[in-house]
Amino acid sequence: MRTINELAAQQTMRACSAGFDVERVRQDFPILRQQVHGKPLVYLDSAATSQKPQVVIDAVTRYYQAENSNVHRGIHLLSERATELFEDARAKVARFLNASDAREIIFVRGATEGINLVAQSYGKMSLTAGDEIIISAMEHHSNIVPWQILCQETGAALRVIPINDDGELLIDEFRKLLNARTRLVSVVHVSNALGTINPVKQIIEMAHSHGVPVVIDGAQAAPHLSVDVRALDCDFYVLSGHKLFAPTGIGIVFGKAHLLEAMPPYQGGGDMILSVTFEKTLYNVVPFKFEAGTPHIAGAIGLGAAIDYLTEVGLDKIAAYERELLAYATDALSAIPGLRMIGTAKEKAGILSFVLDGVHAHDIGTILDQEGIAIRTGHHCAQPVLQRFGVPATARASLALYNTQEEIDALVRGIHKVTTLFG
Amino acid sequence: MSDLRELYQEVILDHNKRPRNFQKLEGANRTAEGYNPLCGDQITVYLRLEDGVIREISFQGSGCAISKASASMMTAALKGKTKAEAEDLFETFHNMLTSDLGVTFDPLEVGKLAAFSGVREFPVRVKCATLPWHTLHAALEGKGEAVSTE
């Protein structure tokens, strides 16, 4: 039973999120209207991929119905229009991240390709044997493996910032790792497995005081927080469109212009050149130097539409609403006997990773699915951090702006079903 | 809940909670490791194979209820069986899991493993049930490399 005080607190909470109408937001996402296994869909897997608002679906459809053409090449009207839309999307991303120039935005397939681009272009250019790259213990495989490959190729070594039992970076340990051999730091902004929001501004300042550039993996941050690359002063920032309510297969790398200009191309092909002869090829200017081949035009346009949508709803309102929802969900889940939260950092966003005594995450996932509840189970492509917590897998519910307290209640009821079945 | 009861039959829940032959086998002459990269399941199967007969069998590892119960019941079913009988049972078991719904089985052929017939309705969980068997196969073949369901 809830006490009067709790109910009053809840009322206050609802009042705080005034100006954010979750029911109206839900209307914008057509996929949420469906039933799964005869139950209303409760989608709590937005950290894996987010759902798409109608405006994004419409923008992609309109492009293919009325605007489809290749970019940067044609003299005809459709090509001009497609180019304009594509470059508009780039400008929107630049504004969204507060980059000073749209040239600093490179379109890629997603955050993974973004990190690979930085590793293979910037990394190969600047690292030699004996150099060091620092990452953290809570990285996604996409911010581990590209650096391991680079280390193998260059003879550089990977160093890892440890974390505490709450899933927070040990900043003093980071300070100790920074040294004259450090050439690059690459850390995640928001952990996909734990939800921890890392103090990236502080990390960047510390690295810069050693003259070391910093890559930030923002795949999980951008949907929840407003990101200002100039205020952060990060050297590179990568994100995935599909986690930001945009189509799959599109993402971006932000890079400071002077770094991008100094970097060699990532891939060779069309669009990234000024002129080609068999003797000598002149590369195109930034950002086109990094965009070989026909890009995912529809995806970029969809990303632009998603950014317009988020801007219209209001990123600060979204962040405030999600903070309340996360607090509500954390309290509700923590009250379940035998449930242990993995990732209890003070600063968290949108992720509830947990284990249940005597029940494997995979079984939790199957049982919840029968209730129409979609969560992720497994190692979340972050095996090292789960090893740190001594668990092979967790169940992970992740939140987005369209989730509600009622959905959290359904999750709690579902977990009680799991414990009953396995009791 | 009815579908779930089909999947999580009592015998499966029991083997999950109290897995049989769940230890490292001293004196094993065949071992193999299996992984399900999708969910992080990991299993090691240990055998003492003599004259083509599985004299002893055990397993260790971590996994969901389906994979753990499957491994436990596999070890219980195979002790004393020949290599050929074990491979036949794997084939029967695999056929059962991947057959169309409604197909019935000869209980004599699958024995207690019939408890896993409900897995058919959960295609993403078939790999959980077959991982121990794929690992067993690798151990019987004496291949040193790890098995993956992907």
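Two residues are in contact when their C-beta atoms, placed from the backbone, lie within 7 Å. By that rule, the contact between the chains takes 14 residues from chain A and 15 residues from chain B. The model is a predicted one, where local features need pLDDT of at least 70, side-chain atom pairs count only at pLDDT 80 or more, and totals for chains, interfaces and linings use all residues. Residues are numbered from 1 along each chain as its sequence is written, and chains are lettered from A and ligands numbered from 1 in the order in which they are written.

**Where chain A touches chain B**
- Helices (DSSP runs of H or I, at least four residues) and strands (E, at least two) are numbered from the N terminus.
- On chain A's side, α13 (361-370), β16 (376-378) and α15 (405-422) each give two or more residues.
- The most come from α13(A), with five residues.

**The largest nonpolar core**
- A nonpolar core is a set of buried Ala, Val, Leu, Ile, Met, Phe, Trp, Tyr and Cys residues joined through C-beta atoms within 7 Å; buried means that 20 or more other C-beta atoms lie within 10 Å of a residue's own.
- The largest one has 165 residues, and Phe236(A), Tyr237(A) and Phe254(A) are among those with the most contacts inside it.
- Helix α11 (residues 297-313) of chain A gives the most to this core, with ten residues.

**Helix α6 of chain A**
- Pro146(A), Trp147(A) and Leu150(A) are buried in α6 (residues 145-154).
- The buried residues of α6(A) pack against α5, β5, β6 and β7 of chain A.
- Gly155(A), with a positive phi near 85°, follows α6(A).

Definitions and conventions: A residue is buried if 20 or more other C-beta atoms lie within 10 Å of its own, exposed if 12 or fewer, and partly exposed in between; C-beta atoms are placed from the backbone.
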